Amino acid sequence: MRGMSQILDSGVLDVVNHLFSFPENIEKLMSHSRSGDKNENRTMSSIPVDIMDTPKEYIFYMDIPGLSKSDIQVTVEDENTLVIKSGGKRKREDGEEEGCKYIRLERKAPQKLMRKFRLPEDASVSAISAKCENGVLTVAVEKNPPPPKPKTVAVNIS
């Protein structure tokens, strides 16, 4: 009977996940970073993200607490994959001098972060901007204008 309740629970979870999932076209932006190196995946953390589809651009909002713009890299790989990552190293605090050492470290050190997104065909990879403010990274990817619709020309029949 226990196995049956697990099956029911997973079915309910699938329905709930489906109800609260991104719209299909936005969900296609999501791409899980898969690497052959399992140790790398264990040390990498995923960055939480909100994605907004506006008429002119796609906007990605990511929480990166404790990191500054110099800690983050935003690149495009393979022509259509947006990659956001950070090295995750603890830097010396301002004012710390040589010969000083920490006697207690309770704040969590930044982890290595990575997130990849497969951009849709209408994304302009040459028009991407990013800014980092108050622990939030905002990446805006402009959309290419839609192709002109073919004109219909009436031809007189003689």
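Reader: Why is S86 called buried?

Author: S86 has 6% relative accessibility. Buried means under 20% relative accessible area, exposed over 50%, and partly exposed in between (1.4 Å probe, protein chains only), so S86 counts as buried. This is a predicted model, where local features need pLDDT of at least 70 and side-chain atom pairs count only at pLDDT 80 or more, while totals for chains, interfaces and linings use all residues. Residues are numbered from 1 along each chain as its sequence is written, and side-chain values use heavy atoms, leaving out hydrogens and water.

Reader: What makes C100 and C132 partly exposed?

Author: C100 has 44% relative accessibility and C132 has 23%, so each falls in that in-between range.

Reader: How do you know how many disulfides the structure holds?

Author: A disulfide is a pair of cysteine sulfur atoms within 2.5 Å. The structure holds 0 of them.

Reader: Where does S86 lie, and which residues does S86 touch?

Author: Good one! S86 is in strand β6, residues 81-86; strands (E, at least two residues) and helices (H or I, at least four) are DSSP runs, numbered from the N terminus. Leaving aside residues up to four places away in sequence, S86 touches L67, D71, I72, Q111, K112 and L113, where contact means heavy atoms within 4.5 Å.
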